[in-house]
Every structure is written in C-alpha cells, then in structure tokens.
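The sequence and the model are shown first, and the description follows.

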Amino acid sequence: MPKLTAYTDGACSGNPGPGGWGALLIARDGDKVLKTRELCGGAADTTNNRMELLAAITALETLERDTAVTIITDSVYVKDGITKWIHGWKARGWKTAAKKPVKNEDLWRRLDAANARHNVTWEWVKGHAGHPENEKADELARAGMEPYKP
C-alpha cells in the first residue's frame, strides 16, 4: 500500500508582511516514489504562523478522499497546536488558558476539520537543517510569497 507524506512550510518577509506557504506531497511504495505534487500560495499581508497553518491545511484539503498521511512540518506551533493545545482551546470555547482569544482561530478550525477527515500522523523536523523535502517545501513557500513582495 502506498504511503503518503506531506512536507509543509510557511515563510514571511517581515512578520506581518508578504508571506507564502508550500507543500510537497509524495506518494511512495517503499523507497520508490510513485507521485509527487507541489502546492504553493501566499498573501500580501500575513504572518509566518498563518502561512505555516495554510500549508498544512491545503495539503490536507487537497486530498480527495479520506487518507492516511504523515504531515512533516518544521513548525512546533502547528504540530503542538493540532496535537495538544487544540483540545483545551475547544473545551474553553476557543480561548487560551489565559482566557484570551486563540490567534488564527479561523485557520485552526479549518485545520481541525481537515485533520478529522484523515488519519494524520504529525511529525516535526528541524527547519533549515538540510532535510531535502523540507528545503523543497521552504522553496515552494518562498515561491508562493514572490507575487506579494513589493
């Protein structure tokens, strides 16, 4: 059975500022790559965290049917948010433990819905550390940002 992995990344020039997101989806059968798909996009005035979230959201929303997928992100914010913090946020009506509104609630809700549709394993990888697929996701994120840079 093929294994699907999505490498996701976000980038921002200034924070906030123009930003981009990128996702590299790879279907493998053992060591053999069956198919790859590259996705990217951006926004004129955004934050790095929003772009990190949009990369993961888009990777999951792009999948046409319920799928087992591993998302590999270099964002602790995304990984810990979806695997740990979100349960408390939802229980508190989308408030943090400090009773403040959750930042990027709109995107967390989208990620939560997309995550629920699939069997997702979340993994973290150190960014800018020479991991080829993470570097490609970063390249895609920078390409997604390009049209929005002044």
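## An aromatic cluster

Y77 is buried, with a relative accessible area of 18%; buried means under 20% relative accessible area, exposed over 50%, and partly exposed in between, with a 1.4 Å probe and protein chains only. The model is predicted: local features need pLDDT of at least 70, side-chain atom pairs count only at pLDDT 80 or more, and totals for chains, interfaces and linings use all residues. Residues are numbered from 1 along each chain as its sequence is written, and side-chain values use heavy atoms, with hydrogens and water left out.

Rings of Phe, Tyr and Trp (its six-membered ring) pair if their centres lie within 6.5 Å; planes under 30 degrees apart count as stacked, over 60 as edge-to-face and the rest as tilted. By this rule the count comes to four aromatic pairs. One of them is edge-to-face and is formed by Y77 and W108, at 5.2 Å centre to centre and with 70° between the planes. Y77 lies in helix α2 and W108 in helix α3, so this pair ties together parts that are 31 residues apart in sequence. Helices (H or I, at least four residues) and strands (E, at least two) are DSSP runs, numbered from the N terminus.

W108 is buried, with a relative accessible area of 0%. W89 and W108 form an aromatic pair that is also edge-to-face, with 5.1 Å from centre to centre and 65° between the planes. This pair links distant parts of the chain, W89 in helix α2 and W108 in helix α3, 19 residues apart. Both W89 and W108 are buried. One aromatic cluster is formed by Y77, W85, W89 and W108.

## The packing of α2 and α3

Two packed helices are described by the angle between their axes and the distance between the axes. Helix α2 (residues 76–91) and helix α3 (residues 105–117) pack at an angle of about 95°, with their axes 11 Å apart. Axes are lines fitted to C-alpha atoms, for helices over the stretch in contact, and angles run from 0 to 180 degrees between N-to-C directions. α2 and α3 are therefore roughly perpendicular to each other (angles under 35 degrees count as roughly parallel, over 145 as roughly antiparallel, 65 to 115 as roughly perpendicular and the rest as oblique).

On the α2 side, the contact is made by Y77, V78, G81, I82, I86, W89 and K90, and on the α3 side by W108, L111, D112 and N115; contact means heavy atoms within 4.5 Å. By class, the contact of α2 with α3 has seven nonpolar, two polar and two charged residues. Ala, Val, Leu, Ile, Met, Phe, Trp, Tyr, Cys and Pro count as nonpolar, Asp, Glu, Lys and Arg as charged, and the others, Gly among them, as polar.

## The open sheet

Five strands form an open sheet in the order β3-β2-β1-β4-β5, and the pairing is mixed; two strands pair if DSSP finds at least two bridges between them. β3 and β5 (119–124) stand at the edges, each with a single partner strand, so one side of each is left without a neighbour in the sheet. From one strand to the next, the twist averages 20°.

Strand β1 (residues 3–12) runs antiparallel to β2 and is joined to β2 by 10 bridges. G10 stands opposite W21 in β2, and T5 has I26 as its bridge partner in β2. Strand β2 (residues 17–29) is mostly covered, with 12 of its 13 residues buried. β2 and strand β3 (residues 32–46) pair in the antiparallel sense over 12 bridges, and A27 stands opposite K35 in β3. Helix α4 (residues 132–145) lies across β1, β2 and β3, running at about 140° to β2.

## Turns and loops

β1 and β2 form a hairpin with four residues between them, and G14 in the turn has a positive phi of about 90°. P16 has its place in the loop between β1 and β2; a cis peptide bond joins N15 and P16, with omega about 15°. The hairpin of β2 and β3 has two residues between the strands, and G30 in the turn has a positive phi of about 65°.

Most residues other than glycine have a negative phi, and most peptide bonds are trans. K99, in the loop between α2 and α3, has a positive phi near 65°. K99 is exposed, with a relative accessible area of 68%. N104 is also found in the loop between α2 and α3 and has a positive phi near 65°, but N104 counts as buried, at 15% relative accessibility.
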